[in-house]
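Keep the 3D view open while you read.

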Amino acid sequence: MTASAHVLVFRPVIGLLRERGDEVEITARDYAQTLQLLDLHGLEADAVIGRHGGRSRTGKARAMRKAQSLLSRLHALRRWARPRDVDLALAHGSHELTLTARRLGIPSATTHDYEFATLQHQLGMRAATKVVVPESIPAERLARFGVRPPKLLRYPGLKEEYYLSDFEPDPTVLEELQVDRHRVLVVLRPPPDVSLYHRHSNPLFPQTLDYLGAHDEVQAVVLPRTDEQREFVRRLELPSTIVPDRAVDAQSLIALADIVVSAGGTMNREAAALGVPVYTTYGGRLGGVDEQLIREGRLKPLTDPRALELRKRAGSSGSRIRREPRLLLDLLLSALGDDT
């Protein structure tokens with residue numbers, strides 16, 4: 001588990017594996033809210049390996065620090081895994097895991113739903129035994145990473161429709177955060193960069209936060225990715241904004257929201273899976289999953305915060321899709337060949 005979303009994806013998969021009688025060991029990186037979310041979902045890391053490489057002022061220094069951090073994590077993970085009798089390694093885009101598994105001769109399967117993380121995929125997908133992705137990602141975009149059938153396996157819909165299949169929202173999350181239910185509840189997720197705002201390259205999310213955070217009829221709950229983001233938003237002292245102290249039940253918050261605005265990917269797709277109106281402020285290249293959601297009208301690109309339709313949502317209006325997580329498990333276990 002190297003990022004927060006990995007906990008969500010693997011929660012039901014781990015449950016199904018343990019129901020089968022399989023032994024599951026979890027490794028995690030101390031990054032963003034990964035460890036907090038493991039605890040929130042009743043999971044425990046058997047090993048915490050590595051931290052985020054941090055920031056540097058120059059691109060050269062940043063690249064060097066990332067490379068050093070990656071090599072350190074690879075060495076630590078290999079040292080941890082070598083004495084264990086591991087049959088299969090599973091990852092959600094963690095190139096450290098698939099690279100380590102290949103080095104140790106362990107079958108591996110990785111899954112992801114964004115095809116333009118080029119360096120990560122050049123390493124992780126090439127090293128994996130099987131690669132499991134949504135059908136909405138065009139196969140030709142993966143071929144450049146050496147991923148073609150039978151190595152390539154695809155599933156219908158969103159990964160969020162699988163791991164949220166057994167989910168029902170808990171309304172107490174609103175009480176814990178002291179949300180004013182008479183106001184329009186907007187859940188916001190900042191961009192996925194450690195240094196917080198793209199104020200120069202992508203000012204849209206900061207503009208949206210400034211607009212909603214000062215809106216009298218809005219209750220804006222910001223779910224930061226890092227402590228740095230949390231402190232930055234708090235220093236803005238926006239009157240309509242709530243910033244939780246730590247990881248919260250974000251899925252319940254999304255399900256109960258009137259609108260979701262996110263600069264990332266997972267929260268956008270969670271909202272779409274739960275039938276909640278959602279806008280994206282993502283400044284990078286859209287992947288096949290988001291392209292499909294936009295075509296279907298389940299995700300709206302935002303270019304101006306004043307275009308947001310700020311109104312209360314009537315209960316659980318909107319369509320929700322639930323899919324069976326055993327399908328994902330079966331695809332991942334195919335890396336074992338005939339031994340499953």
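This is a predicted model: local features need pLDDT of at least 70, side-chain atom pairs count only at pLDDT 80 or more; totals for chains, interfaces and linings use all residues.

The largest cavity holds about 40 Å³ of space. Around the largest cavity you'll find Val-9, Phe-10, Val-13, Thr-111, Val-132, Leu-328 and Leu-332. Sorted by class, its lining has 6 nonpolar residues, 1 polar and no charged.

Which helix gives the largest share of that lining? That's α1, with 3 residues. Both α1 and α14 supply at least two residues each.

## Two helices that cross

Those two helices also pack against each other. The angle between α1 and α14 (residues 325–333) is about 75°, and their axes are 10 Å apart. Angles from 65 to 115 degrees count as roughly perpendicular, so α1 is roughly perpendicular to α14.

Who touches whom? On the α1 side, the contact uses Phe-10, Pro-12, Val-13, Leu-16, Leu-17 and Glu-19. On the α14 side, it's Pro-325, Arg-326, Leu-329, Leu-332 and Leu-333. By class, that contact splits into 9 nonpolar residues, no polar ones and 2 charged.

Now for a space that is open: the second largest pocket, with a volume of about 970 Å³. It is lined by 38 residues, and the closest to its centre are Glu-25, Val-86, Leu-88, Ala-89 and Leu-90. The lining's classes come out as 22 nonpolar, 6 polar and 10 charged.

The top contributor is α4, which gives 5 residues.

## A sheet of six strands

Finally, find the open sheet. Its 6 strands line up in the order β9-β8-β7-β10-β11-β12, and their pairing is parallel. At the edges sit β9 (241–242) and β12 (300–301), each of which pairs on one side only.

For a closer look, pick β10 (residues 259–262) and β11 (residues 278–280). These two run parallel and are joined by 3 bridges. Which residue in β11 is the bridge partner of Val-261? It's Tyr-279.

Conventions. Residues are numbered from 1 along each chain as its sequence is written. Side-chain values use heavy atoms; hydrogens and water are left out. On a 1 Å grid over the protein atoms alone, a cavity is a set of points where a 1.4 Å probe fits but cannot get out, and a pocket is an open set with protein on both sides within 12 Å along at least five of seven lines; lining residues have an atom within 4 Å of a point. Grid points are joined across faces, edges and corners, and a volume is the space filled by probe spheres set on the points. Helices (H or I, at least four residues) and strands (E, at least two) are DSSP runs, numbered from the N terminus. Ala, Val, Leu, Ile, Met, Phe, Trp, Tyr, Cys and Pro count as nonpolar, Asp, Glu, Lys and Arg as charged, and the others, Gly among them, as polar. Two strands pair if DSSP finds at least two bridges between them. Axes are lines fitted to C-alpha atoms, for helices over the stretch in contact, and angles run from 0 to 180 degrees between N-to-C directions. Angles under 35 degrees count as roughly parallel, over 145 as roughly antiparallel, 65 to 115 as roughly perpendicular and the rest as oblique. Contact means heavy atoms within 4.5 Å.
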